[in-house]
Amino acid sequence: MKDNHASMTFHRAKLPNGLQIIAEANPDAHSFAAGFYVNTGTRDESPEINGVSHFLEHMMFKGSSKYSWEDVNRIFDEMGANYNAYTSQENTAYFANVLPEFTERTIEHLSLLLRPAIRQEDFETEKKVILEEIAMYLDEPGHRIYEALMKAHFAKHPLSMSVIGSAESIRKLDRGQMVEYFQKRYGPGNTILAASGKLDFQRIVAIAKKYCGDWEKSSSPRKQPAPVFRSRRKSMVDAKLNRQYTMAMTPGPSAQDERRFAARVLADVIGDSEGSRFYWALVDNAIADDADFGFYPHDGCGSFYISLTADPKRADEALKIARQELERVKTDLGESEVERAKNKIASGIVLEGEVPMGRLRAIAGQWLYNKSYRSLEQDMRTLMAIDADALRRLMRQFPFDPMTIVSLGPK
């Protein structure tokens with residue numbers, strides 16, 4: 001099946017083993033981007049193996065039955081690839097941007113990443129690397145407070161768990177548990193091969209059959225209850241710090257909710273790094289060093305969040321002003337600030353959409369959560385149709401309550 005939007009053409013197919021293949025062909029592009037996106041992340045782990053998804057990301061780059069870890073990086077370098085991977089609470093991705101002549105070699109190499117050897121020796125070596133990474137993050141106030149906020153806000157829900165895991169969970173994790181998790185969550189029924197840029201879709205499908213067609217058929221859909229929220233407050237003290245860090249989280253639209261577009265505009269109006277309400281009320285007035293308000297859509301739920309950094313003596317004042325701004329915007333929101341936010345977001349969407357890697361992220365994310373395609377033009381039309389009334393309705397439906405507040409500082 002294919003859909004046409006301007007000069008770009010969207011295609012999709014599915015292999016007999018369940019692997020979904022999606023692509024947005026752009027005849028005007030000069031490069032090709034591809035990636036495997038797996039519908040698994042921290043929220044699909046049990047507490048006993050917390051951190052295994054992120055650990056597995058490391059193991060993917062340790063090599064397959066065909067290649068060693070030196071080969072993995074060498075081959076990407078030989079193609080001049082811009083490549084990377086990430087693990088989040090909800091999905092894991094492995095992707096690369098190359099010249100079109102390396103299309104087949106890129107998909108082959110990425111497919112081998114997705115079938116790692118998970119050698120015992122590599123497992124033990126990489127476990128030490130992960131433990132060092134955890135220790136490093138524990139020295140970063142921003143990471144510590146974010147993880148504490150997620151844990152407090154989502155409570156017993158799987159979204160509360162750390163992406164990198166704890167030192168205890170990683171130390172106890174054994175290779176057998178990792179292999180079992182991999183076999184359950186990394187099946188073709190849980191995976192998307194996405195591509196964008198200069199490409200021939202039928203060739204992409206043929207390449208996918210060649211290198212992924214023999215993957216054993218399996219699927220493990222995510223089935224979890226919705227989180228239950230209530231107001232919470234938590235304070236953490238670290239005498240070594242000289243700034244007070246405050247974060248807060250409150251419910252917002254999910255990744256499947258059409259109101260997510262309005263939520264993104266609202267977040268920009270309230271807390272963008274420049275020109276927003278938080279900027280003028282807190283940063284410009286030197287009450288806070290940094291003051292952000294953002295939006296993150298999850299699978300089945302979403303979050304608005306506040307992030308403040310201030311002198312410990314002014315931290316309470318900064319939080320009070322931030323909360324006052326959240327109430328004030330409900331009554332005095334103006335069309336001019338909505339237009340400013342929309343134009344800024346539109347610029348970002350267009351600039352990212354001009355390159356295959358940007359469109360790869362967009363179409364893969366949309367397919368992971370909604371099993372549908374949205375063109376750049378559709379996103380722009382939806383964005384530009386948002387007005388102040390849409391944001392007011394959104395705030396009546398998501399009134400920044402209940403709210404979880406966590407602070408970290410010397411007092």
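I worked on a 1 Å grid over the protein atoms alone: a pocket is an open set of points with protein on both sides within 12 Å along at least five of seven lines, a cavity is a set where a 1.4 Å probe fits but cannot get out, and lining residues have an atom within 4 Å of a point. Grid points are joined across faces, edges and corners, and a volume is the space filled by probe spheres set on the points.

I note that the model is predicted: local features need pLDDT of at least 70 and side-chain atom pairs pLDDT 80 or more, while totals for chains, interfaces and linings use all residues. Residues are numbered from 1 along each chain as its sequence is written, and side-chain values use heavy atoms, without hydrogens and water.

Second largest pocket. I found about 490 Å³ of space in it. Its lining has 20 residues, and Asn50, Glu147, Lys151, Ser162 and Ser166 lie nearest the centre. Helix 5 (141-154) gives the largest share, 5 residues; helices (H or I, at least four residues) and strands (E, at least two) are DSSP runs, numbered from the N terminus.

Largest pocket. I read a volume of about 1300 Å³. Of its 41 lining residues, Arg264, Pro297, Glu352, Arg361 and Ala362 lie nearest the centre. Helix 13 gives the most, with 10 residues.

Cavities. I counted 2 cavities of 30 Å³ or more. The largest has a volume of about 50 Å³, and its lining includes Met8, Glu24 and Arg359.
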